[in-house]
Each structure stands twice: as C-alpha cells, then as structure tokens.
Number of protein chains: 2
Amino acid sequence: MPRIAVDVLLKREILDPQGRAVEDALPGLGHEGVREVRVGKHLELVVDAEGEDLAARVDAMCTGFLTNPVIESYRWRVIEEDERADG
Amino acid sequence: MPRIAVDVLLKREILDPQGRAVEDALPGLGHEGVREVRVGKHLELVVDAEGEDLAARVDAMCTGFLTNPVIESYRWRVIEEDERADG
C-alpha cells in the first residue's frame, strides 16, 4: 500500500508568524543568509488505495480534514520506505 | 539560491499522539483504510549556499535549532519553485 507524504503551509499571502520567528532567530544562532522561512505541517500515512482512487481519497482528506483550505495549501506525493522522514 | 524543504517527524519508536488522534478520527469522517499516520513539521526556506556548504549548513540548522534530535528525525531536499507547498 502506498505511503503518502503531505506538506501543508499557510498560503503565500498569509502572514506566517512562526516562520518569521524562526527566520529572526537564525542569525543570532550563527545561521546567516536564510530567508523566506515558512513553517507548516508534515504528515505521513499509508492509504489502502491506488491510482485515481488514491488521488481522490488523499485530496478529500486534505481538503476536508487535514488542512484549512481557506488559509492553507498543501502538496502530497507518494514516498518510498527509504524516504520516510522518520527513517 | 536554493529553496529547501525540511520534513520533521518524531522518531519511529516515539509515540505520536497527534498522529494517533488523526488516524482515529478519519473513519468517522468517511476516510477508511488509512493507517500509520504520523504528524510533524514541514519547513521551507531559502539558503544562500551551495553544494557541500549548503548540506552542512542545513544539517547544522536542523540538528541545532529546528529539530530535537533526541526524539525527532528529519529529511531535507532541494525543491524547485513549482514544488512549493504554498504554490
């Protein structure tokens, strides 16, 4: 069964205070030259579906539950076992 | 300058209550057949560096500030403009 990674960020035109806070803190910690920091959610999950059915089901979950489509946008992809962020 | 996406999850052996809560809520919302849900952070940022310097700087930021390496693991990649989660 495919393993799905979903990335969620506030839409580009929405202020992201957490990203701003991270960006402002980095130089004081010795990390210069970093900008446009945005902070959001990352989800990984296994879905019992394939092909178009998989895409429809992941999009339904994302727009209906996992994100707030008014202020957030998302992107998802199928990942392999060795691409897991907790791997 | 390269745009970096960082995905952070609790390590696999650490209980993820948020992921568990999402997984438990999905069937009641009509989303059956989803398992192994893990919820973490997704960051996107632009770093003024390239090659090995870029890798060293992103890893230093991730281990020293953006994650808690005791309980979290991360994965990062260079993304194109059209791969932005807020795109």
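Colleague: What is the strand order of the open sheet of 6 strands?

Modeller: This is a predicted model, in which local features need pLDDT of at least 70, side-chain atom pairs count only at pLDDT 80 or more, and totals for chains, interfaces and linings use all residues. Residues are numbered from 1 along each chain as its sequence is written, chains are lettered from A and ligands numbered from 1 in the order in which they are written, and side-chain values use heavy atoms, with hydrogens and water left out. Strands here are DSSP runs (E, at least two residues; helices are H or I, at least four), numbered from the N terminus, and two strands pair if DSSP finds at least two bridges between them. With antiparallel pairing, the order is S3(A)-S1(A)-S2(A)-S2(B)-S1(B)-S3(B).

Colleague: Which strands are the edge strands?

Modeller: An edge strand of this sheet pairs on one side only. That applies to strand S3 (72–79) of chain A and strand S3 (72–79) of chain B.

Colleague: Over how many bridges do S2(A) and S2 of chain B pair?

Modeller: Strands of a sheet pair through backbone hydrogen bonds, either parallel or antiparallel. In this pair, A:Arg35 stands opposite B:Val46. S2(A) and strand S2 (residues 34–47) of chain B run in the antiparallel sense, and the count is 11 bridges.

Colleague: What rotation superposes chain A on chain B?

Modeller: The copies are superposed by least squares on the C-alpha atoms of residues with pLDDT (the predictor's confidence in each residue, from 0 to 100) of at least 70 in both. The RMSD is 0.0 Å and the shift along the axis is 0.0 Å, with a rotation of 180°. That is the relation of a two-fold axis.

Colleague: Is A:His31 buried or exposed?

Modeller: A:His31 is in the loop between helix H1 (17–25) and strand S2 (34–47) of chain A. Leaving aside residues up to four places away in sequence, A:His31 touches A:Leu26, B:Ala60 and B:Met61, where contact means heavy atoms within 4.5 Å. Buried means under 20% relative accessible area, exposed over 50%, and partly exposed in between (1.4 Å probe, protein chains only). At a relative accessible area of 14%, A:His31 is buried.

Colleague: What is the phi of A:Glu36 near?

Modeller: A:Glu36 lies in strand S2 of chain A and counts as partly exposed at 33% relative accessibility. Its phi is positive, in a residue other than glycine, and is near 55°.

Colleague: What ipTM does the predictor give the complex?

Modeller: Chain A has a mean pLDDT of 97, and 100% of its residues reach 70 or more. For the complex the predictor gives a pTM of 0.96 and an ipTM of 0.95.
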